[in-house]
Amino acid sequence: MGPSGCGKTTLLHCMAGIIRPTSGAIETNGVDLTRMSQPEISRFRLSNFGFIFQDEQLLPELTNEENIALPLMLAGHTRSDAIRAAGEILERLHITALASTRPGQVSGGQAQRVAIARALVTAPSVVFADEPTGSLDQATGHQIMRLLTHVCAENGATLVLVTHDQSVARFLPHTVHMRDGLIATEGARQ
């Protein structure tokens, strides 16, 4: 948590191996990402991490089902296996009606549910979410947070979430507050 520009997204990108920190180590699942080459980090990220962004970053030319299947296809799964897995996660999240529509044909909340499904389809150990409710109204944002925290807990995935919204942070058991690129405070939710 922290105000805009305090370094939240930069820290998330370091943790996800998207950018290399200037010093120190980033360890996930016993693997030091700072000792890996970029192709190794990319392969590791694809099989171990899921990503949810504020603006969903869904490809408009693909159906929602294809958007969800995409990480599996990039990881080398056959199209039919990836589509089958996408259908399973759509069903699990109760959004099967969105499968054949495209991202531009659904509401913001529905698009964010599709983005959550895409992040979870690979069964990642860590889900990184950068302001996943930032473009949603508060009620829809809270529905998304309930869904996201529930599914991550059910899958045993760690959720690392960036937000400036205290009402969103309340859904999480641990909060790290940042200020000017540094950790200001951290602790378990009371």
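## Phenylalanine rings and a threonine contact

Phenylalanine 44 counts as buried, at 11% relative accessibility (buried means under 20% relative accessible area, exposed over 50%, partly exposed in between, with a 1.4 Å probe and protein chains only). Phenylalanine 49 is buried too, with 4% relative accessibility.

A quick note on where this comes from: the model is predicted, local features need pLDDT of at least 70, side-chain atom pairs count only at pLDDT 80 or more, and totals for chains, interfaces and linings use all residues. Residues are numbered from 1 along each chain as its sequence is written, and side-chain values use heavy atoms, leaving out hydrogens and water.

Now for the rings. Searching the whole structure turns up five aromatic pairs (rings of Phe, Tyr and Trp, the last by its six-membered ring, pair if their centres lie within 6.5 Å; planes under 30 degrees apart are stacked, over 60 edge-to-face, the rest tilted). Here are two of them:

| Pair | Centre to centre | Angle between planes | Type |
|---|---|---|---|
| Phe44 and Phe49 | 5.6 Å | 85° | edge-to-face |
| Phe49 and Phe128 | 5.0 Å | 90° | edge-to-face |

Phenylalanine 49 sits in strand E3 (residues 49–53) and phenylalanine 128 in strand E4 (residues 126–130), so their pair ties together parts 79 residues apart in sequence. Helices (H or I, at least four residues) and strands (E, at least two) are DSSP runs, numbered from the N terminus. Ring pairs join Phe44, Phe49, Phe51, Phe53 and Phe128 into a cluster.

Elsewhere, helix H6 (residues 138–155) holds threonine 140, which is buried at 17% relative accessible area. The threonine 140 side chain makes a polar contact with that of aspartate 137, at 2.9 Å (a pair of N or O atoms within 3.5 Å; within protein, one must be able to donate a hydrogen and the other to accept it, and residues adjacent in sequence count only if both atoms are side-chain atoms).
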